[in-house]
Amino acid sequence: MEDYPRTLMELERRFSTDFACRAYLFALRWPEGFVCPRCGGRRAWPMKRGLWLCARCRHQASVTAGTIFQDTRLPLMLWFRAIWQVTSQKNGASALGVQRVLGLGSYKTAWAWLQKLRRAMIRPGRERLSGRIEVDETYWGAEEKGVIGRLTQHKALVIVAAQEDGGKIGRIRMRRIPDLTKATLHRFIQESIEPGSVVRTDGLPAYGGLSDYRHAPTVIAHSGQTGSQLLPRVHQVVSLVKRWLLGTHHGAIGQDHLDYYLDEFTFRFNRRSSASRGKLFYRLVQQAVQVDPAPFKTLIRPNH
Ligand SMILES: [Zn+2]
């Protein structure tokens, strides 16, 4: 049963107390009922301040411990509103936007929350793409125009996989990669795409030798077509992700942060047909109680 607010008003009404937020997190973290994080016991008594006392090992468990909400000093209601901000807007939210809307005193807090939420946007153990997949690389860097060739300096190299869905784009995967070696390209494909799938790439020799896949390379130089005609889906994704980075985030993203922004774009893109924004909210809260906490010191510091 997917249970989520449909509108901002529903969100405000339903999550007006810390208790209500904790009850929601409880249902998402322990859908079959309480499970002690220490001993696996299934019985517990509620205590003060939202803690649960395990009947077997006496451990005092908190529904937020071990999740991205761990040790938060601000009310969960504010977190829920931040998540609503992130999921209810078509292009997502910037740290400045979240700070303003929630009236947070510090930009750093808003920034750290968004970084934590981005970590929750990649579900652990998610399935790989299958079917017919286009794969290509692109650069993200200071000079977005006129980037030609495969040599890169001060630019991030990003690899993108886009699933064919008839004439449209299905799901996507993308990641920053260190180089264009065979080992790097093959690792991305193995981790992102089911064996047996058709993998369409350009003629870069490093893509060669994909033994578990049906590899369909196209040599652009000999066909008279451009990359965007031969691998149209992946090129469309590349242009969308660049527009999003430049638009919502003004391109002000360091290479070290880029991975998390790519994760956020992927999360949004793969759920773009979901009619309800509330469902996106549900999905993100659900994943937020499944990932490890990211204490602030482990987050990369903002560079502005
Ligand atoms: Zn226990």
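A residue counts as buried when its relative accessible area is under 20% and as exposed when that area is over 50%, with partly exposed covering the range in between. In this predicted model, Cys57 comes out at a relative accessible area of 28%, so it falls in the partly exposed class. Cys39 gets the label partly exposed too, because its relative accessible area is 25%.

Both cysteines belong to a zinc site. The protein donors of the zinc ion are the SG atoms of Cys36, Cys39, Cys54 and Cys57, sitting 2.3 to 2.4 Å from it. Angles subtended by the four donor atoms run from 100 to 113°, which makes the arrangement tetrahedral. For reference, the ideal angle for four tetrahedral donors is 109.5 degrees. Along the sequence, the donor residues follow the spacing C-x2-C-x14-C-x2-C. Cys39 is found in the loop between α2 (18–29) and β1 (44–46), while Cys57 is in the loop between β2 (51–54) and β3 (60–62), so this pair ties together parts that are 18 residues apart in sequence.

The antiparallel strands β2 and β3 are joined by three bridges, and Trp52 stands opposite Ala61 in β3.

Zooming out, the chain has eleven helices and eight strands. Of its 304 residues, 46% are buried. Among contacts with a separation of 6 or more, 61% come from residues 24 or more positions apart.

A second sheet, also open, has five strands in the order β6-β5-β4-β7-β8, and its pairing is mixed. Here β6 (168–177) and β8 (214–218) take the edges, each with a single partner strand, so one side of each is left without a neighbour in the sheet. From one strand to the next, the twist averages 25°. Eight bridges link β5 (residues 155–165) to β6 in the antiparallel sense, and Ile172 in β6 is the bridge partner of Ala162. Two helices pack on this sheet. Helix α9 (residues 232–247) touches β4 (132–141), β5 and β6, with its direction at about 35° to that of β4. Helix α10 (residues 255–270) touches β4, β5 and β6 as well, and its direction makes about 165° with that of β6.

Helix α10 turns up again around α11 (residues 277–288), as the cover over the buried residues of α11 includes α10 along with α1 (8–14), α2, α3 (76–88) and α5 (107–119). Nine of the twelve residues of α11 are buried, leaving the helix mostly covered; among them are Phe281, Tyr282, Leu284 and Gln287. Its length checks out too: at 1.5 Å a residue, the twelve residues of α11 should span 16 Å, and the end C-alpha atoms are 17 Å apart, which agrees.

Neighbours within four places in sequence aside, Ser192 is in contact with Arg128, Leu129, Arg173 and Arg175.

Conventions: Residues are numbered from 1 along each chain as its sequence is written. This is a predicted model: local features need pLDDT of at least 70, side-chain atom pairs count only at pLDDT 80 or more; totals for chains, interfaces and linings use all residues. Side-chain values use heavy atoms; hydrogens and water are left out. Two strands pair if DSSP finds at least two bridges between them. Helices (H or I, at least four residues) and strands (E, at least two) are DSSP runs, numbered from the N terminus. Axes are lines fitted to C-alpha atoms, for helices over the stretch in contact, and angles run from 0 to 180 degrees between N-to-C directions. Contact means heavy atoms within 4.5 Å. Donors are N, O and S atoms within 2.8 Å of the metal (3.2 Å for Na, K and Ca); water is not among the atoms, so sites may look incomplete. Four donors count as tetrahedral if all angles lie between 85 and 135 degrees; four count as square planar and six as octahedral if opposite donors are over 155 degrees apart and all others between 65 and 115; anything else is irregular. Buried means under 20% relative accessible area, exposed over 50%, partly exposed in between (1.4 Å probe, protein chains only). The expected span of a helix is 1.5 Å times one less than its number of residues.
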